[in-house]
Amino acid sequence: MNQLSPIQIKQIFESVLKNIQYSGEQGKANCPYHVETTPNNKAFNYNIKKGFFLCNSCDEKGNVWQFAKYFDLDLKEFGLSINPIDKSFAEDCHQYLIDHP
């Protein structure tokens with residue numbers, strides 16, 4: 001995974017999540033992937049140093065890149081000049097075409 005600073009990771013998650021509670025490197029919020037039945041549950045957990053997330057309610061999990069892609073975030077807003085999601089996707093497509101002529 002391309003390196004992001006903890007500040008960039010935090011900003012990416014905060015651009016979508018609301019009412020976040022922090023404890024050190026860990027953030028907790030209501031999950032944006034499903035409707036919370038108990039708003040105080042805060043089942044969505046993420047780590048601002050590692051860039052990984054997990055919802056303990058719906059089991060959605062992944063990394064900050066997947067999160068940004070799912071919510072269609074413009075990563076230039078977070079100081080990234082090249083969108084690594086697009087670059088990675090293009091590289092995957094290119095490799096697939098080489099492997100499957």
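Q: Is glutamine 8 buried or exposed?
A: The model is a predicted one. The label rests on relative accessible area, and buried means under 20%. Glutamine 8 has a relative accessible area of 16%, so this residue is buried.

Q: In which element is glutamine 8 found, and which residues does glutamine 8 touch?
A: Glutamine 8 belongs to helix H1. Leaving aside residues up to four places away in sequence, glutamine 8 touches Phe78, Gly79 and Leu80.

Q: Which residues of H1 are buried, and where do they fall when seen down the axis of H1?
A: An α-helix has 3.6 residues a turn, so residues three or four places apart point the same way. In H1 the buried residues are Gln8, Ile9, Ile12 and Phe13. Viewed down the axis of H1, they fall within an arc of 130°, so they line one face of the helix. These buried residues pack against S3, S4 and helix H2 (64-70).

Q: Across which strands does helix H1 lie?
A: Helix H1, residues 6-14, lies across S1, S3 and strand S4 (52-55), and runs at about 160° to S3.

Q: What is the order of the strands in the sheet?
A: Strands of a sheet pair through backbone hydrogen bonds, either parallel or antiparallel. Here five strands form an open sheet in the order S1-S2-S3-S4-S5, and the pairing is antiparallel. Strand S1 (21-23) and strand S5 (61-63) stand at the edges; each has a single partner strand, so one side of each is left without a neighbour in the sheet. From one strand to the next, the twist averages 20°.

Q: How many bridges join S2 to S3, and over how many do S3 and S4 pair?
A: Strand S2 (residues 26-29) and strand S3 (residues 44-47) run antiparallel and are joined by four bridges. Within this pair, alanine 29 has phenylalanine 44 of S3 as its bridge partner, and glycine 27 stands opposite tyrosine 46. S3 and S4 pair in the antiparallel sense over three bridges. On that side, the bridge partner of tyrosine 46 is phenylalanine 53 in S4.

Q: Which way do the residues of S3 point?
A: In a regular strand the side chains alternate between the two faces of the sheet. In S3, Phe44 and Tyr46 point one way, while Asn45 and Asn47 point the other way; all are buried.

Q: Which residues other than glycine have a positive phi?
A: Most residues other than glycine have a negative phi, and most peptide bonds are trans. Asparagine 19 has a positive phi, near 50°, and aspartate 59 has one of about 70°. Asparagine 19 sits in the loop between H1 and S1 and is exposed, with a relative accessible area of 58%. Aspartate 59 sits in the loop between S4 and S5 and is likewise exposed, at 55%.

Q: How many disulfides does a search of the whole structure find?
A: A disulfide is a covalent bond between the sulfur atoms of two cysteines. The search of the whole structure finds zero. For cysteine 55, the closest cysteine sulfur belongs to cysteine 31 and is 3.7 Å away, which is too far for a bond; the cut-off is 2.5 Å. Cysteine 58 is in no disulfide either, as its nearest cysteine sulfur, that of cysteine 55, is 3.7 Å away. Cysteine 55 is buried, at 0% relative accessibility, whereas cysteine 58 is partly exposed, at 31%.

Q: What pattern does the protein chain follow along the sequence, and how many of its residues count as buried?
A: The protein chain has three helices and five strands, in the pattern α-β-β-β-β-β-α-α. Of its 101 residues, 33% count as buried. The chain exposes about 6800 Å², of which carbon and sulfur atoms supply 51%. Among contacts with a separation of 6 or more, residues 24 or more positions apart account for 41%.

Definitions and conventions
Residues numbered from 1 in each chain as written. Predicted model: local features only at pLDDT ≥ 70, side-chain atom pairs only at ≥ 80, totals over all residues. Heavy atoms only, no water. Buried < 20%, exposed > 50% of the residue type's maximum accessible area, 1.4 Å probe, protein only. Pairing = 2+ DSSP bridges. Helix = DSSP H or I, 4+ residues; strand = E, 2+ residues; numbered from the N terminus. Axes fitted to C-alpha atoms, helices over the stretch in contact; angles between N-to-C directions. Contact = heavy atoms within 4.5 Å. Arc of directions from axis to C-beta. Areas by Shrake-Rupley, 256 points an atom, 1.4 Å probe, with all protein chains shown as cover.
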